[in-house]
Amino acid sequence: MSASFQFTTASAEETIACGREMIRLLAAPKFLVLRGDLGAGKTTLVKGIAEGLNAADAEEVTSPTFTLIHEYEGLLDEKPVKLYHLDLYRIDSDRQLATLGIDDLAGPESLVLVEWGEKFASILDRSDGEILIEATGEDARAITLTLKA
Ligand SMILES: Nc1ncnc2c1ncn2[C@@H]1O[C@H](COP(=O)(O)OP(=O)(O)OP(=O)(O)O)[C@@H](O)[C@H]1O
Ligand SMILES: [Mg+2]
């Protein structure tokens with residue numbers, strides 16, 4: 001069983017707004033895979049999620065392509081939350097993955113969002129669900145949040 005929530009956006013700004021709204025559906029702790037092609041808008045969505053949590057402004061949220069993990073602190077339902085934004089695009093082996101210490105991030109107050117997490121079965125297995133972003137036109141995106149029951 002799972003629950004699905006669908007959104008459509010027509011610009012990066014709308015995807016940021018979608019992220020701000022989506023946090024209503026996300027009680028911590030959550031560990032979610034952010035799935036979608038290169039340039040789909042995964043990092044753009046995280047900008048909105050970070051804004052919704054009052055954790056960072058959109059401009060402050062950049063891709064963790066090289067840094068691999070970005071950490072922010074915010075509030076969700078008036079409770080402190082740690083937002084971890086990961087990008088595993090450059091991680092190629094389970095050994096490299098292990099050095100990131102992802103298990104240590106998954107505390108009771110954490111919201112972990114993993115771009116390219118679907119590359120690793122261990123990440124998919126442990127996830128609470130995913131956010132899929134699909135380009136349906138030049139600037140049009142279909143965004144689906146699926147939470148495992
Ligand atoms: N509706 C939309 N939602 C999100 N981004 C959009 C939209 N329309 C156009 N864009 C553009 O698409 C790009 C999305 O880039 P972003 O870095 O968020 O993608 P990504 O999925 O994180 O890619 P990567 O896998 O390379 O990290 C941006 O240049 C953004 O302006
Ligand atoms: Mg990205």
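Strand S1 (2-9), helix H2 and strand S7 (141-148) are among the elements that cover the buried residues of helix H1; helices here are DSSP runs of H or I with at least four residues, strands are runs of E with at least two, and both are numbered from the N terminus. Covering rests on contact, which requires two C-beta atoms, placed from the backbone, to lie within 7 Å. The buried residues of H1 are Thr15, Ile16, Cys18 and Gly19. A residue is called buried if 20 or more other C-beta atoms lie within 10 Å of its own, exposed if 12 or fewer do, and partly exposed in between, with C-beta atoms placed from the backbone. These four residues of H1 span an arc of only 155 degrees around the axis, so they sit on the same side of the helix. The arc is taken over the directions from the helix axis to the C-beta atoms.

Before going on, a word about the source: this is a predicted model, in which local features need pLDDT of at least 70 and side-chain atom pairs count only at pLDDT 80 or more, while totals for chains, interfaces and linings use all residues. Residues are numbered from 1 along each chain as its sequence is written, and chains are lettered from A and ligands numbered from 1 in the order in which they are written.

H1 also leads us to the ligand. Helix H1 (12-22) and helix H2 (42-52) each give at least two residues to the shell around ligand 1. That shell holds 19 residues, of which Thr15, Gly41, Lys42, Thr43 and Thr44 come nearest; a residue belongs to it if its C-beta atom, placed from the backbone, lies within 6 Å of the ligand.

Now step back to the whole fold. The protein has four helices and seven strands, in the order β-α-β-α-β-β-α-β-α-β-β along the sequence. Its radius of gyration, taken over C-alpha atoms, is 14 Å, close to the 15 Å from the globule rule for 149 residues, so the protein is as compact as a globular protein of that length. The rule itself is 2.2 Å times the number of residues to the power 0.38. Of the contacts with a separation of 6 or more, 69% join residues 24 or more positions apart.

Next, the hairpin. Strand S3 (residues 69-76) runs antiparallel to strand S4 (residues 79-87), and eight bridges join them; DSSP must find at least two bridges for strands to pair. Gly74 stands opposite Val81 in S4. Two residues lie between the strands, and Asp77 there has a positive phi near 55 degrees. With 10 C-beta neighbours inside 10 Å, Asp77 counts as exposed.

Most residues other than glycine have a negative phi, and most peptide bonds are trans. Leu68, in the loop between H2 and S3, has a positive phi near 70 degrees. Leu68 counts as partly exposed because it has 16 C-beta neighbours inside 10 Å. The peptide bond from Ala28 to Pro29 is cis, with omega near 0 degrees, and Pro29 lies in the loop between H1 and strand S2 (30-35). The C-alpha atoms of Ala28 and Asp77 are separated by 9.3 Å, although these residues are 49 apart along the chain.
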